[in-house]
Amino acid sequence: MSTTNQALFERAQRVIPGGVNSPVRAFRAVGGTPRFITRAEGPYIFDAEGKRYTDYIGSWGPMILGHGHPAVFDAVQRALLDGFSFGAPTEREIELAEAIIALVPGVEQVRLVSSGTEAGMSALRLARGATGRSKFIKFEGCYHGHADPLLVKAGSGLATFGFPTSAGVPEDVVKHTLVLPYNDIAALEAAFDAHGKELACVMIEPIAGNMNFVRASVPFMTRLRELCTSHGALLVFDEVMSGFRVALGGAHSVYQRLIPGFKADVFVFGKVIGGGMPLAAFGASRDVMRHLAPLGPVYQAGTLSGNPVATACGLATLKEITKPGFFEALGAQTQRLVEGLEGAARDAGVPLVGDSEGGMFGFFFFNQLPQNYATVMTTDSARFNRFFHAMLDRGVYLAPALYEAGFVSAAHTPADIDATVAAAREAFAAL
Ligand code: KE4
């Protein structure tokens, strides 16, 4: 039955709130009708009207290999033949935990879960249980999933609605959550002066993809590490988006190169680690992880945690991205895209700046790279929305919100990148 995106959207809205199972998909920030995707292949996705788009969302990060990678498909198919879910330990969970530990210095043990929200929520509970403290710091513009204590000035989704917090989150659940401006050393020092010994942790997106693309500055990250160490607070790296995406060792490896001896304490992973299947993880030293049930008093559990099919998908994905040269090639393509967009904008007299690391990128209709959420939200959203639709009309699927990051996969060829830049040239001319 051939049908249109609009017809599907109307039907969906009758039975699913907003017609979507995750708010950002509803195109509320950019307007217009969401595309209902029927299938995907390599760097492309196809909508209900048979239109092809070059995909720069990649399921919001997981599809780093592109869609339908044969080795991943085979691994998932084989896993399915052995069973969908057992609710019992499997060797593959050990293999995935070992693979993560091998790639992330500082992680000695891992717990697998089913979503980034679950991983972030559990990492916070673990940090609180391990330190016996309740307060923690997060940063405006960073999003760590939708667990109540973390839904305070979240940077993803809520940023559009402008709600400082989500409805339904009782005041006393967020009273321990301190929200600071990103990259603001003075605010950080003041918060530690006031609450240092009460802080269980500081949770941060080291390269923030939920306010498009903002890097923690080296001085800020250096000071953050010092303050956490001197006050006994755990430094929690939320690498759900940046992990195995900006580099094989995630943003952590980027900051280890920039800051000698740098190490975070707790890590949160998702997206790429599941290869498109529901799988996420959190990890830390053995000394921190020993607080988790069944060893310790911090409870955490999950029916589908470490699911055998999802772990097969994640392992097959990891196997591909650890191949020599993978990130060099991916980084070069992503850089080519950003430089192409900047060049097209410059030739059209449109202020646009971009940045990228590995397979993750961002760009702003602005004259310099924002260093925090407040600045990101002053960038030209009307122009972004017009650009978004001009590109969508030309078969390029960018993130439908100016505060979201973009993703390039290994399946994107130089020709795909050049075609995207050509579409941008047309879009700028049309704007
Ligand atoms: P999930 O529960 O959506 O798997 O992960 C939550 C999460 C945690 N931490 C970071 C840094 C994240 O980026 C996310 C989820 N990212 C959003 C994109 N901005 C997912 C897309 C969506 O909400 O639909």
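Ring pairs join F237, F244, Y255, F262, F267 and F269 into a cluster. Two rings of Phe, Tyr or Trp (its six-membered ring) pair if their centres lie within 6.5 Å; planes under 30 degrees apart are stacked, over 60 edge-to-face, the rest tilted. This is a predicted model, in which local features need pLDDT of at least 70 and side-chain atom pairs count only at pLDDT 80 or more, while totals for chains, interfaces and linings use all residues. Residues are numbered from 1 along each chain as its sequence is written, and side-chain values use heavy atoms, with hydrogens and water left out.

The structure holds 19 aromatic pairs. Two of them are set out here.

| Pair | Centre to centre | Angle between planes | Class |
|---|---|---|---|
| Y56 and F361 | 6.0 Å | 85° | edge-to-face |
| F244 and F269 | 5.0 Å | 45° | tilted |

Y56 sits in the loop between β3 (52-55) and α2 (70-82), and F361 in strand β14 (residues 360-364), so their pair ties together parts 305 residues apart in sequence. Helices (H or I, at least four residues) and strands (E, at least two) are DSSP runs, numbered from the N terminus. Y56 counts as buried, at 0% relative accessibility. F361 is buried at 2%. Buried means under 20% relative accessible area (1.4 Å probe, protein chains only).

F244 lies in the loop between β10 (234-238) and α9 (250-258), and F269 in strand β11 (residues 266-269), so this pair ties together parts 25 residues apart in sequence. Both F244 and F269 are buried.

Charges also meet rings. A charge sits over a ring if NZ of Lys or CZ of Arg is within 6 Å of the ring centre and within 35 degrees of the ring normal. R39 lies over the face of F46, 3.8 Å from the ring centre. The charged end of R52 sits over the ring of Y44, at 3.7 Å from its centre.

Note on methods: Buried < 20%, exposed > 50% of the residue type's maximum accessible area, 1.4 Å probe, protein only.
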